[in-house]
Amino acid sequence: GIPVTKVIGGKFAISMRLGLISLAISLSLGVALGVLQAQHKDRFWDHAGTAYTVFVRAVPALISYSLILILGSRFLHLPSLYSTRAVFKSSILPITCLSLGSIAGYMMWTRRYMVDELNKDYIVLAKLKGMSSRDVMYKHVLKNAFVPMAQYLPQTVLAVTGGSLLVERFFSVPGLGTLLTDAIS
C-alpha cells in the first residue's frame, strides 16, 4: 500500500549520500596522492603509492571489505553494521570500502598524466623562465593532466554505484543495493 516512489526515495537518499561522500573522498585523496607520486617520481612516495594501487587492484573486493570490517571494528571500535541511530559512525566503514578502489584509480591516472606532462616542452620552458616547481606543478601540469582524467569520473560513478550493491549488503545499509537484492530474492 506504499507508493514505489516513497520506498525508493528513502533508500535512494542513503545510497546517494554514501556514494557522493565516497566520490568526494576518492577524488580529493586520489588526485592529491597522485600529485605526490608524480612530484617524487622513482622515490619512496612513488613506490609506496604504486604498491597501494597494485594491492587494491589485486585483492578481490570481498576480501578487502572483510579486512576493513575486521580492522575497523576490532581496532577502531567502529560498528560493523549500519545503524540509523549512529549514522556518522556506522557510515565510516562502508564509505571506506567504496573509496579504496577509486582512490587507487585516481592515484594511478594522476601520476601517469602528470609524469607525461612533465616531459613536455612548455614545462621545460616554464622552468627556464624561472617559475617555481610548485607553480609549474599546480598551474600547468596538474591543470593539463586533469583534462584526460575527466573521462575516469563517469567510470568512478558507475563503480561506486555497482560497488554499493555489495557494500550495502555487506554492512546491512538500508539503501538501494539492499532493496535491489531483497526485491530479486
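A pocket, as the word is used here, is an open set of grid points where a 1.4 Å probe fits, with protein on both sides within 12 Å along at least five of seven lines. In this predicted model, the largest pocket has a volume of about 450 Å³. The model also holds a largest nonpolar core of 17 residues and a second, separate core of 14 residues.

**Largest pocket**
- The lining of the largest pocket is made up of 22 residues, and those closest to the pocket centre are Val 56, Cys 97, Leu 100, Gly 101 and Ser 102.
- Two or more lining residues come from each of α2 (44-58), α3 (61-74), α4 and α7 (152-170).
- By residue class, the lining divides into 15 nonpolar, 6 polar and 1 charged.

**Nonpolar cores**
- Within the largest core, the residues that touch the most other members are Val 35, Met 114, Met 137 and Val 141.
- Helices α1 (4-39), α4 (87-118), α5 (121-128) and α6 (133-149) each give two or more residues to this core, and α6 gives the most, with 6 residues.
- Beyond its neighbours within four places in sequence, Met 114 is in contact with Val 35, Ala 38, Met 137, Val 141, Leu 142 and Ala 145.
- Among the members of the second core are Leu 18, Leu 78, Leu 93 and Leu 98.

**Ile 63**
- Ile 63 is in helix α3.
- Ile 63 has a relative accessible area of 46%, so this residue is classed as partly exposed.
- Between Ile 63 and Arg 169 the C-alpha to C-alpha distance is 14 Å, while the two are 106 residues apart in sequence.

Methods:
Residues numbered from 1 in each chain as written. Predicted model: local features only at pLDDT ≥ 70, side-chain atom pairs only at ≥ 80, totals over all residues. Heavy atoms only, no water. Core = buried A, V, L, I, M, F, W, Y, C linked by side-chain atoms within 4.5 Å. Buried < 20%, exposed > 50% of the residue type's maximum accessible area, 1.4 Å probe, protein only. Helix = DSSP H or I, 4+ residues; strand = E, 2+ residues; numbered from the N terminus. Contact = heavy atoms within 4.5 Å. 1 Å grid on protein atoms, 1.4 Å probe; cavity = no way out; pocket = protein on both sides within 12 Å on 5 of 7 lines; lining within 4 Å. Points joined across faces, edges and corners; volume = space filled by probe spheres on them. Nonpolar A, V, L, I, M, F, W, Y, C, P; charged D, E, K, R; others polar.
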